[in-house]
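Keep the 3D view open as you read.

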Amino acid sequence: MADVLIVGGGPAGLSAALFTAKNGVETTVFDTDETWMHKAHLFNYPGIGSIDGSNYLETLRDQVDDFGVDRHQETEVTAVESTDDGFTVTTDDGEYASSYVVLATGANRDLAAGLDCALTDEGIVDVDVTMETSVENAYATGAMVRAEEWQAVISAGDGAAAALNILTKEKGEHFHDFDVPGDAEELFGSLVDSS
Ligand SMILES: Cc1cc2nc3c(=O)[nH]c(=O)nc-3n(C[C@H](O)[C@H](O)[C@H](O)COP(=O)(O)OP(=O)(O)OC[C@H]3O[C@@H](n4cnc5c(N)ncnc54)[C@H](O)[C@@H]3O)c2cc1C
């Protein structure tokens, strides 16, 4: 399986990371921890009654760490460039190469513009329903692809959509990540309430 570099560790970036790492793609995330989630309290995240944004993030970070994501906190990405066989990402601690890149930098579109991703007339990054940009194998997710219709659950959905498209390309057929109660039983054994 190929590898993916994800820029941004908010709901969009970490959601993408969760799905790629869980399904065997080597996944690295760079994040400067300026996510808006630190300012938010969620009452509108489906399935969760009420959660502080930083607590949500802490749980999501633990979740991706459990699936083996290589998470670089406090690491800023300064450039993303296309190469013959993928992408090079420049950070303040060196250069990294990958087959795929997922941009998840909130409303900041500078890296997408630097990579020559097409923008819409409104100046947002132009993506299709899989979140792929005009640059093949480069995805844009979350706040950067919407003109202020910003919600955590939408960003998380964008990240998942990008990841599934990467997995579809890698596996050569349409992919979805479905688990069933038996999977939880196998993982947690007697901790699962079967009543
Ligand atoms: C006051 C406030 C209250 C809110 N309340 C709610 C709410 O109740 N419900 C709700 O659904 N949403 C709420 N939101 C919106 C929600 O926080 C956003 O929709 C969500 O955080 C967007 O997720 P994202 O992953 O797209 O971007 P972000 O969460 O902004 O994450 C982007 C991440 O990328 C990192 N980054 C950026 N550039 C770089 C770079 N060059 N290199 C490395 N890392 C980089 C940033 O540091 C950041 O951690 C609120 C927002 C605010 C400001």
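This is a predicted model: local features need pLDDT of at least 70, side-chain atom pairs count only at pLDDT 80 or more; totals for chains, interfaces and linings use all residues.

Three elements each put at least two residues into the shell around the ligand: helix H1 (11-22), strand E2 (26-31) and helix H4 (152-171). Helices here are DSSP runs of H or I with at least four residues, strands are runs of E with at least two, and both are numbered from the N terminus. The shell has 33 residues, and Gly8, Gly10, Glu34, Gly106 and Gly142 come nearest to the ligand. To count as near, a residue needs its C-beta atom, placed from the backbone, within 6 Å of the molecule. By type, the shell splits into 15 nonpolar, 13 polar and 5 charged residues.

Residue numbers run from 1 along each chain as its sequence is written.

Now stay with E2 and pick out Asp31, which is found in that strand. Asp31 counts as buried because 25 other C-beta atoms lie within 10 Å; the cut-offs are 20 or more for buried, 12 or fewer for exposed, and partly exposed in between, with C-beta atoms placed from the backbone. Setting aside neighbours within four places in sequence, Asp31 is in contact with Gly8, Gly9, Gly13, Gln73 and Thr75, contact meaning C-beta atoms, placed from the backbone, within 7 Å. Its C-alpha atom is also 6.4 Å from that of Val7, a residue 24 places away along the chain.

The largest nonpolar core has 51 residues, and Val7, Val101, Val102, Leu103 and Ala140 have the most contacts inside it. Such a core is a set of buried Ala, Val, Leu, Ile, Met, Phe, Trp, Tyr and Cys residues joined through C-beta atoms within 7 Å. H4 gives this core its largest share, 8 residues. Beyond four places in sequence, Val7 touches residues including Phe30, Val77, Leu103 and Leu111.

Asp116, though, has a positive phi near 70 degrees, and Met131 has one of about 75 degrees. Their surroundings are worth checking too: Asp116 is partly exposed because it has 13 C-beta neighbours inside 10 Å, while Met131 has 28 and so counts as buried.

Further along, helix H5 (residues 181-188) has 8 residues and the number buried is 0, so it lies largely in the open. Just after H5, Gly189 takes a positive phi of about 55 degrees.

Zoom out, and the protein chain has 5 helices and 10 strands. Its radius of gyration, taken over C-alpha atoms, is 17 Å, close to the 16 Å from the globule rule for 195 residues, so the chain is as compact as a globular protein of that length; the rule is 2.2 Å times the number of residues to the power 0.38. Buried residues make up 38% of the 195.

Definitions and conventions: Ala, Val, Leu, Ile, Met, Phe, Trp, Tyr, Cys and Pro count as nonpolar, Asp, Glu, Lys and Arg as charged, and the others, Gly among them, as polar. Two residues are in contact if their C-beta atoms, placed from the backbone, lie within 7 Å.
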